Amino acid sequence: MAEQLSTRLSAKEGRSFAYTVGLAFAVFGVIAWWRGHSDSWKVFGTLSSLLLVAGTVIPRQLGPVQRAWMGLAHAISKVTTPIFMGVVYFLVITPIGLVMRLFGRQPMRHAERNGGFWSAPPSGGRSDMERQF
């Protein structure tokens with residue numbers, strides 16, 4: 001990981017983690033219940049309840065749970081990020097480039113002026129170069 005997670009959580013950090021993830025599990029539980037998945041909503045509801053109670057009662061002891069959760073998130077991101085970026089490249093960037101070439105626009109190619117590619121300074125005098133900033 002880019003940064004190391006601290007081994008101890010403050011009470012505020014522990015509550016924030018527990019309430020956020022517990023609420024997310026509660027939302028997933030409600031969705032599973034609404035869709036009729038009897039086993040799934042019980043699992044999500046149990047996890048949600050445990051996290052919400054732990055966040056209220058023992059928020060400082062949730063450090064290992066948070067580290068495990070963030071490790072799982074990091075592992076998942078190693079797989080999903082390249083897939084997402086590949087989809088964006090091939091479904092957004094590449095078609096835009098092809099359409100630009102189809103219409104003859106090439107933004108990286110500049111027209112040559114006066115035997116070179118440099119632009120002339122606005123006034124052309126040396127006195128403008130003394131106080132540039």
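Buried means under 20% relative accessible area, exposed over 50%, and partly exposed in between, with a 1.4 Å probe and protein chains only. The legends below concern a predicted model, in which local features need pLDDT of at least 70, side-chain atom pairs count only at pLDDT 80 or more, and totals for chains, interfaces and linings use all residues. Residues are numbered from 1 along each chain as its sequence is written, and side-chain values use heavy atoms, with hydrogens and water left out.

**View A. Phe-25 and Trp-69 form an aromatic pair.** The whole structure holds four aromatic pairs (ring centres of Phe, Tyr or Trp, the last by its six-membered ring, within 6.5 Å; planes under 30 degrees apart are stacked, over 60 edge-to-face, the rest tilted). In this one the ring centres are 5.7 Å apart and the planes stand at 80°, so the pair is edge-to-face. Phe-25 belongs to helix H1 (residues 11–34) and Trp-69 to helix H3, 44 residues apart, so that distant parts of the chain are linked. Helices are DSSP runs of H or I with at least four residues, numbered from the N terminus. Phe-25 counts as buried at 12% relative accessibility, whereas Trp-69, at 35%, counts as partly exposed.

**View B. Phe-28 and Phe-44 form a tilted pair.** Their ring centres are 5.7 Å apart, with the planes at 45°. Phe-28 lies in helix H1 and Phe-44 in helix H2 (residues 38–57), so the pair ties together parts 16 residues apart in sequence. Both residues are partly exposed: Phe-28 has a relative accessible area of 46%, and Phe-44 has 25%. Ring pairs join Phe-25, Phe-28, Phe-44 and Trp-69 into a cluster.

**View C. The buried residues of helix H1 pack against H2 and H3.** They are Ala-11, Gly-14, Phe-17, Ala-18, Val-21, Gly-22, Phe-25, Gly-29 and Ala-32. An α-helix has 3.6 residues a turn, so residues three or four places apart point the same way. The 24 residues of H1 should span 34 Å at 1.5 Å a residue, and the end C-alpha atoms are 34 Å apart, which agrees; the expected span is 1.5 Å times one less than the number of residues. After H1 comes Gly-36, with a positive phi near 85°.

**View D. Ser-48 is a buried residue of helix H2.** Its relative accessibility is 5%. Apart from neighbours within four places in sequence, Ser-48 is in contact (heavy atoms within 4.5 Å) with Gly-22, Phe-25 and Ala-26. The C-alpha atoms of Ser-48 and Leu-23 are 6.5 Å apart, while the two residues are 25 apart in sequence.

**View E. Gln-66 lies in helix H3 (residues 63–102).** At 16% relative accessibility, Gln-66 counts as buried. Apart from neighbours within four places in sequence, Gln-66 is in contact with Leu-9 and Phe-17.

**View F. A nonpolar surface patch covers about 900 Å².** Val-79, Ile-83, Val-87, Tyr-89, Phe-90, Leu-91, Val-92, Ile-93 and Ile-96 make up this patch. Patch residues have over 30% relative accessible area and no salt bridge, and nonpolar side chains (Val, Leu, Ile, Met, Phe, Trp, Tyr) are joined within 5 Å, like charges within 9 Å. A salt bridge is a side-chain nitrogen of Lys or Arg within 4 Å of a carboxyl oxygen of Asp or Glu. Accessible areas come from the Shrake-Rupley method with a 1.4 Å probe; for residues, only the protein chains shown count as cover. One of the patch residues, Val-92, lies in helix H3 and is partly exposed, with a relative accessible area of 41%.

Technical notes
Helices (H or I, at least four residues) and strands (E, at least two) are DSSP runs, numbered from the N terminus.
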